[in-house]
Amino acid sequence: MTSAELQANPQNYRRHPVSQLERIKSAIIANGWRRAVVVSRQSGMIVTGHGAANAAGLMDDNIPVEFQDFATPVEETRHMVADNKASDGGENDDAVLSALMKELAEMEPLAPESLAMDARELELLLKSAEDLANPKEKTPPKASTGNSSPVYELVFDDKEQQATFHAWLRRLKSELPDIRTIAARVIFAITRP
């Protein structure tokens, strides 16, 4: 089926900005379709895969569709919401992702679009993997000078301590989205009663 032949569910609240659709499109072009868009036999509407269907519309591609039966409209909507919500709150382990990118790059040249990344993201991950594999001798942290606020380098005893700290920062970011800076979030977290 084509994107034009599919009917989006107007109750789908998940929005897909053009930048995300471009990433999905690039990944589909590089890797092919690996998951079908789920369409309800009862309503004829997309239940899961709205983003992929929209990305397919950008490239005029045929979409693999899996038609499913739902007992009631409530069950259909519940599945759509559950599919959207199940991906919320996931966190990346940047150290593991960096190592994986390094491993893949050693096997074959990597095209960022095949990973739904841009070139800068992939470059940073590969650099991070290199830095983790070859740690430099650390000097005690000190403030930089200049016209802007001081910047401090964090020194960790090991990768586990670094990963724990970064996981804590990611949790702060999700728990305190209304606070603009990481520093303000940290201060709030350590000073709240």
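Mentor: Strand β1 is covered on both faces: Val 37 and Val 39 on one side, and Val 38 and Ser 40 on the other, are all buried. Buried means under 20% relative accessible area, exposed means over 50%, and partly exposed lies in between, with a 1.4 Å probe and protein chains only. In a regular strand the side chains alternate between the two faces of the sheet. Strands (E, at least two residues) and helices (H or I, at least four) are DSSP runs numbered from the N terminus.

Two points on the basis of all this. The model is predicted, so local features need pLDDT of at least 70 and side-chain atom pairs count only at pLDDT 80 or more, while totals for chains, interfaces and linings use all residues. Residues are numbered from 1 along each chain as its sequence is written, and side-chain values use heavy atoms, with hydrogens and water left out.

The sheet is open and has three strands in the order β2-β1-β3, with mixed pairing. Strands β2 (46-48) and β3 (65-68) are at the edges with a single partner strand each, so one side of each has no neighbour in the sheet. From one strand to the next, the twist averages 40°. Two strands pair if DSSP finds at least two bridges between them.

On one side of β1 (residues 37-40), four bridges join this strand to β3, and the two run parallel. Within that pairing, Val 39 is opposite Phe 67 of β3, and Ser 40 is opposite Gln 68 of β3. The pairing of β1 with β2 is antiparallel, over two bridges. Here Val 38 has Thr 48 of β2 as its bridge partner. The hairpin of β1 and β2 has five residues between the strands, and in it Gly 44 takes a positive phi near 80°.

Now the helices on the sheet. Helix α3 (residues 73-86) lies across β1 and β2 and runs at about 45° to β2. Axes are lines fitted to C-alpha atoms, for helices over the stretch in contact, and angles run from 0 to 180 degrees between N-to-C directions. Contact means heavy atoms within 4.5 Å.

Helix α2 also meets a helix, α1 (residues 18-31): their axes come within 8 Å and cross at roughly 75°. That makes α1 roughly perpendicular to α2, a term for angles of 65 to 115 degrees; under 35 counts as roughly parallel, over 145 as roughly antiparallel and the rest as oblique. From α1 the contact takes Leu 21, Glu 22, Ile 24, Lys 25, Ile 28 and Ile 29, and from α2 it takes Gly 51, Ala 52, Asn 54, Ala 55, Leu 58 and Met 59. By class these are eight nonpolar, two polar and two charged residues. Ala, Val, Leu, Ile, Met, Phe, Trp, Tyr, Cys and Pro count as nonpolar, Asp, Glu, Lys and Arg as charged, and the others, Gly among them, as polar.

Phi of Ala 116 is near 60°, a positive value in a residue other than glycine. Most residues other than glycine have a negative phi. Ala 116 is partly exposed, with a relative accessible area of 27%.

Last, the rings. Phe 156, Phe 165 and Trp 168 are linked into a cluster by ring pairs. Rings of Phe, Tyr and Trp (its six-membered ring) pair if their centres lie within 6.5 Å; planes under 30 degrees apart count as stacked, over 60 as edge-to-face and the rest as tilted. Phe 165 and Trp 168 are three residues apart in helix α6 (residues 159-175), about one helical turn. Trp 168 is partly exposed at 23% relative accessibility, and Phe 165 is partly exposed at 25%.
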